[in-house]
Amino acid sequence: MINSTDFRTGLTIEIDGNVWQIVDFQHVKPGKGAAFVRTKIKNVETGAVVERTFNPNEKMPAAHLETRTMQYLYEADGMYTFMDTETYEQSELNTETLGDALNYLKENMEVNLQTFKGRIIGISLPNSVNLTVTECEPSVKGNTATGATKMAKLETGYEVRVPLFINEGDVLRIDTRTGNYIERA
């Protein structure tokens, strides 16, 4: 059990059977009345962020997440198959569980699957991935000096804004946290 006065950013707690991660916290001691802890917590499964206030003597159970390195194998009928790199055990996830991670997922890519009480609740990708451009307008000589951008479709089907000098077949580094173009790889 974790006392609310011991909250730290990144700590995971269990509330009503759901896993919540503390995004922000603040210990408040008003002039009148009792002290309290104001927090911003994020549901690890759904991604919903909620503000909640705790009494300083309130205790919450710690949520221990397990992380396993798995390799993405293939997609069939909306189910995505992953293989544990140590035990070769396979797990299937649906599109709701994966969410935005589908925009960056390539076959044979290694990712970390987070489990809570034996149930897969999320996936964490590397901070950046390299994806090939499959469709975009052709570049024109002299378009490298301005800050203008165009849309490019990547091999996963994800569309991103890129500089005008990018061509089809280029390999781009994409930030998985923001979804933005970083550089050519």
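How do the residues lining the largest pocket divide into nonpolar, polar and charged?

Analyst: The lining has 9 nonpolar, 14 polar and 5 charged residues. (Nonpolar here is Ala, Val, Leu, Ile, Met, Phe, Trp, Tyr, Cys and Pro; charged is Asp, Glu, Lys and Arg; the others, Gly among them, are polar.) Bear in mind that this is a predicted model, where local features need pLDDT of at least 70 and side-chain atom pairs 80 or more, while totals for chains, interfaces and linings use all residues. Residues are numbered from 1 along each chain, and side-chain values use heavy atoms, without hydrogens or water.

The pocket holds about 740 Å³ of space, and 28 residues line it. (A pocket is an open set of points on a 1 Å grid over the protein atoms alone, where a 1.4 Å probe fits and protein lies on both sides within 12 Å along at least five of seven lines; a lining residue has an atom within 4 Å of a point. The volume is what probe spheres set on those points fill, with points joined across faces, edges and corners.) Nearest the pocket's centre you'll find Lys42, Val44, Ile123, Ser124 and Leu125.

As for elements, α1 (95-98) and β11 (119-124) each give two or more residues to the lining, and β11 gives the most, with 4. (Helices are DSSP runs of H or I with at least four residues, strands are E runs of at least two, numbered from the N terminus.)

Ile121 counts as buried because its relative accessibility is 3%; the cut-off is under 20%, with over 50% exposed and partly exposed in between, using a 1.4 Å probe on protein chains only. Beyond its neighbours within four places in sequence, Ile121 is in contact (heavy atoms within 4.5 Å) with Val19, Val44, Glu45, Leu65, Gln114, Thr115 and Phe116. Val44 is also one of the residues nearest the pocket's centre.

Ile123 and Leu125 turn up again in the largest nonpolar core, a group of 26 residues, where they are among those touching the most other members. β12 (128-136) supplies the largest share of the core, 4 residues.

Note on methods:
Core = buried A, V, L, I, M, F, W, Y, C linked by side-chain atoms within 4.5 Å.
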